[in-house]
Amino acid sequence: KCVDSKVVTIQVAVGSSNPCKVEAVRSTFSSIFVSKEDADRIFEINIHPFSVPSGVSDQPYGDKETREGATNRSTAALRQLLETEKGTCWKKHYYFGVGLEGGLEKLAIDNSGTVDELWCMAWMCIIGPKYGNVCLNEEVFDDNGRNIHNNSMLWGEKCDAPFEISMTKNYYTSSSKTASFLLPPSITDLVLSQNMELGQADDIVFSRVNSKHGSGTVGILTDNIIARSDYYVHALQLALIPWISSKLYFT
């Protein structure tokens with residue numbers, strides 16, 4: 001078996017205190033891990049929000065900058081969680097860091113170079129144990145036939161090791177991107193002409209307050225057919241593929 005107890009704890013550090021993002025992470029990890037429970041395995045999901053900097057501009061543009069922001073958030077959150085857990089880690093715990101970063105893409109629909117359209121999207125980044133999905137599949141062995149379950153760093157026993165060394169040797173980074181959607185001209189104009197963040201433009205156009213901590217742009221534009229947290233879930237599930245199909249990634 002994976003461990004000598006039925007309960008396996010998944011400790012997830014989220015690089016945001018935004019309620020929608022935290023709920024999306026909680027829903028995603030529950031949907032993936034709890035669905036794999038059986039008579040011998042019960043997963044306990046613990047979510048730890050951390051307000052960490054993205055390391056990019058307040059309003060990221062393009063895939064490169066937005067993805068970088070998500071990666072920075074996941075790394076910083078995981079670092080804080082491991083520091084918090086230092087000296088108290090247990091064999092039956094997996095540690096993950098998750099970053100979500102919203103961004104915009106400019107698109108010129110002709111050859112004039114003038115930006116005509118603004119598209120909304122987001123990048124997800126998940127950092128987790130390099131062999132960290134052994135409890136979702138059966139036995140996983142390395143090339144020498146060693147049971148990877150016995151890798152002590154995987155379980156966090158040595159979480160007092162230098163963070164950079166642990167990240168390089170023991171963790172894997174996976175990213176994914178949400179679907180994108182076209183913003184209406186009223187929002188596009190405010191963002192481009194007045195250099196506003198998307199959330200600020202939303203508040204003005206839709207007469208709301210702090211919409212980026214609420215239903216967000218996707219919620220109000222779809223009349224909540226697509227809730228903001230749901231918008232993130234599919235992308236987060238895709239970012240978890242290496243731990244769902246670990247034999248294809250880690251052996």
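## Overall make-up

Because the model is predicted, local features need pLDDT of at least 70 and side-chain atom pairs count only at pLDDT 80 or more, while totals for chains, interfaces and linings use all residues. Residues are numbered from 1 along each chain as its sequence is written, and side-chain values use heavy atoms, with hydrogens and water left out.

The protein contains ten helices and six strands, where helices (H or I, at least four residues) and strands (E, at least two) are DSSP runs numbered from the N terminus. Of its 251 residues, 48% are buried; buried means under 20% relative accessible area, exposed means over 50%, and partly exposed lies in between, with a 1.4 Å probe and protein chains only. Among contacts (heavy atoms within 4.5 Å) between residues at least 6 apart in sequence, 71% join residues at least 24 apart.

## Strand S4 and its partners

Strand S4 covers residues 117-129, and twelve of its 13 residues are buried, so this strand is largely enclosed by the rest of the structure. Two strands are said to pair if DSSP finds at least two bridges between them, and S4 pairs in the antiparallel sense with S3, residues 93-107, over eleven bridges. In this pairing, lysine 106 has leucine 118 of S4 as its bridge partner.

S4 also pairs with S5, residues 171-177, in the antiparallel sense over seven bridges, and here the bridge partner of cysteine 125 is serine 175 in S5.

## Helix H1 against helix H8

The axes of H1 (residues 19-33) and H8 come within 8 Å and cross at roughly 45 degrees; such axes are lines fitted to C-alpha atoms, for helices over the stretch in contact, and angles run from 0 to 180 degrees between N-to-C directions. H1 and H8 are therefore oblique to each other, given that angles under 35 degrees count as roughly parallel, over 145 as roughly antiparallel, 65 to 115 as roughly perpendicular and the rest as oblique. Their crossing is right-handed, a word used if the near helix is turned clockwise from the far one by less than a right angle, with left-handed used if it is turned anticlockwise.

On the H1 side, the residues that make the contact are Cys20, Lys21, Ala24, Val25, Ser27, Thr28, Ser31 and Ile32, and on the H8 side they are Arg228, Ser229, Tyr232, Val233, Leu236 and Gln237. These residues divide into seven nonpolar, five polar and two charged, where Ala, Val, Leu, Ile, Met, Phe, Trp, Tyr, Cys and Pro count as nonpolar, Asp, Glu, Lys and Arg as charged, and the others, Gly among them, as polar.

## Helix H5 against helix H6

H5 (residues 185-193) packs with H6 at an angle of about 130 degrees, and their axes are 9 Å apart. That angle makes H5 oblique to H6, and the crossing of H5 and H6 is right-handed. Ser186, Ile187, Leu190 and Val191 of H5 meet Leu198, Ala201, Asp202, Ile204 and Val205 of H6, and the residues of this contact divide into seven nonpolar, one polar and one charged.

Valine 12 lies in strand S1, residues 7-14, and is buried, with a relative accessible area of 0%. Leaving aside neighbours within four places in sequence, valine 12 is in contact with several residues, including Val25, Phe29, Ile45, Leu81 and Phe96. The C-alpha atoms of valine 12 and serine 74 are separated by 9.9 Å, although these residues are 62 residues apart along the chain.

Serine 57 is placed in the loop between strand S2 (42-49) and helix H2 (62-85), and at 33% relative accessibility it counts as partly exposed. Serine 57 and glycine 69 are twelve residues apart in sequence, and their C-alpha atoms are 8.5 Å apart in space.

## Two residues with positive phi

Most residues other than glycine have a negative phi. Serine 207, in the loop between H6 (198-205) and H7 (216-221), has a positive phi of about 50 degrees although it is not a glycine, and it counts as exposed at 69% relative accessibility. Aspartate 223, in the loop between H7 and H8 (228-239), has a positive phi near 55 degrees and is exposed, with a relative accessible area of 64%.
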